[in-house]
Amino acid sequence: MVAEEFNLSGKNALVAAYGRFWAKYVAAALAEAGADVAVATKSPKKLEEAVGEVKRLGRKAVAIPTDVTQSSQVSKMVEQAVAELGGIDILVNAFDLEFAKPLMEVTEDEWQRLVDINLTSVFRCCQAVGKHMLPRKKGRIINVISCLSERGVANYTAYSAAMGGVLQLTKTLALEWALEGITVNGVGTGWFAEADTTGVEGESLLLRFLPMKRYGHPREIGSLVVYLASDTTDFVTGMFMTVDGAAMAHP
Amino acid sequence: MVSGKHRLEGKVAIITGGGTGLGKVMALTLAKAGADIVVAGRRVPPIEQTAKEVRDLGRRALAIPTDVADSEQCNRLIERTLSEMGRIDILINNAGGGGRGERRPIQDMTDEVWHDVMDRNVSGTFYCCRAVAKHFLAQKSGKVINVASGFGLRGGRDNYPYCATKAGIILLTRSLALSWARDNIQINTIAPGLIDVSEWQPELRPPPDETVRRTSFMPTGRTGIPEDIAYLALFLASDASDYITGALFAAEGGTFAGGYAPVRHAPIIALEEE
């Protein structure tokens with residue numbers, strides 16, 4: 001069982017995702033800690049995988065096919081989650097579509113699309129869930145944010161800018177809702193891969209520069225998500241907490 | 001599973017400065033999660049009292065009088081813990097001070113006061129990390145949690161000895177994280193915000209108008225309580241944080257997000273398109 005302080009039994013979570021692999025692992029961590037979980041994402045395969053994890057762990061699971069770039073679908077997503085779970089205590093936004101290209105080759109359409117998915121979707125989901133959380137004066141919003149929000153990598157201009165935007169949205173909304181009982185925090189992700197890279201020396205230039213000589217596995221953000229979702233974090237807001245194997249401590 | 005990872009059964013934790021305030025609450029929080037506790041501190045009655053309260057929770061406890069400014073005493077703290085408790089899994093370097101009483105204009109600062117703050121904060125943390133290093137490296141596991149402050153990142157008027165030491169602790173932590181990254185030893189910094197410990201130390205209760213002044217500048221509209229930071233320590237002491245090292249985590253009531261600014265400061269500026 002989960003230590004009592006971090007237990008999420010009786011709580012309802014909505015995991016909204018797009019792009020990389022976070023939905024499945026975040027949904028599983030929340031379910032394992034006792035929460036019932038609604039998953040909203042566009043890809044039918046990812047939706048099925050994430051919901052499958054929640055069911056496997058014996059929690060109530062709700063699948064909500066959602067394109068988070070469409071405001072009307074985001075509104076319906078919140079309505080359906082509230083209707084089927086009975087409320088939303090926790091919102092996790094995990095919009096992480098990777099995109100990298102030399103700046104001179106990035107088209108305006110690509111830029112707009114990337115920002116729309118990775119950054120503007122956070123705005124849409126926070127606003128939609130705010131309608132539900134603000135009157136209740138209680139809520140947890142957890143944004144999964146790449147550490148490239150604070151650091152750059154060549155060719156990642158659009159991605160880093162969008163992630164930097166999510167980080168600043170997180171801090172600003174934390175201040176705006178600091179007196180509303182809603183905490184807004186960021187889980188900072190370093191370099192992650194689903195494949196095990198332990199001991200694979202020189203697998204890439206990047207790997208050699210990582211202090212732990214390995215990528216993180218996406219499940220490794222789960223415990224931090226649970227911590228931030230729990231009742232122990234009423235005083236923790238506007239924070240960016242990293243799971244990165246010391247990547248950000250490195251000069 | 002997520003679960004058991006947050007528990008500390010069978011683990012031994014040392015908390016320096018564990019007789020009072022935040023250190024005491026961290027000791028009791030870790031004990032409730034299953035850890036056996038070694039309480040270190042300069043004054044005997046408070047550490048004995050914390051040890052007694054840990055035993056009342058059904059855990060083993062040992063009080064070891066320690067002044068962390070003395071490296072020999074830090075070495076003995078580790079040796080005695082190993083000989084009497086059998087193992088060490090968690091070290092919380094919480095002892096220190098110098099946040100208030102030592103504030104004075106730099107032209108009035110004496111060598112004695114400066115070195116006293118340096119010794120208690122930076123050197124004390126260094127001495128304890130050094131003393132435990134050989135043991136953690138040999139057992140290929142260990143958790144170190146160093147208590148710094150937002151003042152390790154920001155300045156405070158006439159608070160330079162404290163700020164310098166807390167910044168020193170943050171960078172000591174990051175450097176050791178890199179040294180130990182492949183030895184399964186995680187070392188992190190936690191930064192308590194403005195924490196009101198008066199429930200635990202009534203002599204530190206601020207006057208009512210001071211409380212109003214402080215909270216009017218906290219984004220969450222209140223100062224912290226020791227439990228706010230103790231849960232962060234518990235998380236970082238547990239197996240749930242095995243991929244987290246070299247990090248600085250804070251429970252600061254939102255002040256990291258926007259700095260100390262008046263509560264409800266929210267200007268409205270219309271969007272004016274060209």
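Colleague: What should I know before I start reading?

Modeller: The model is predicted, so local features need pLDDT of at least 70 and side-chain atom pairs count only at pLDDT 80 or more, while totals for chains, interfaces and linings use all residues. Residues are numbered from 1 along each chain as its sequence is written, and chains are lettered from A and ligands numbered from 1 in the order in which they are written.

Colleague: How many helices and strands does chain A have?

Modeller: Seven helices and seven strands. Both are DSSP runs numbered from the N terminus: helices are H or I with at least four residues, strands E with at least two.

Colleague: In what order do the elements run?

Modeller: From the N terminus, β-α-β-α-β-α-β-α-β-α-β-α-α-β.

Colleague: How much of chain A is buried?

Modeller: Of its 251 residues, 56%. Buried means 20 or more other C-beta atoms within 10 Å of a residue's own, exposed means 12 or fewer, and partly exposed is in between, with C-beta atoms placed from the backbone.

Colleague: Switching to chain B, which residues of α2(B) are buried?

Modeller: Pro46(B), Ile47(B), Thr50(B), Ala51(B) and Val54(B). They cover an arc of only 135° around the axis, so they sit on the same side of α2(B); the arc is that of the directions from the helix axis to the C-beta atoms.

Colleague: And which exposed residues are on the face turned away from that side?

Modeller: Val44(B), Pro45(B), Lys52(B) and Asp56(B).

Colleague: What follows α2(B)?

Modeller: Gly58(B), with a positive phi near 90°.
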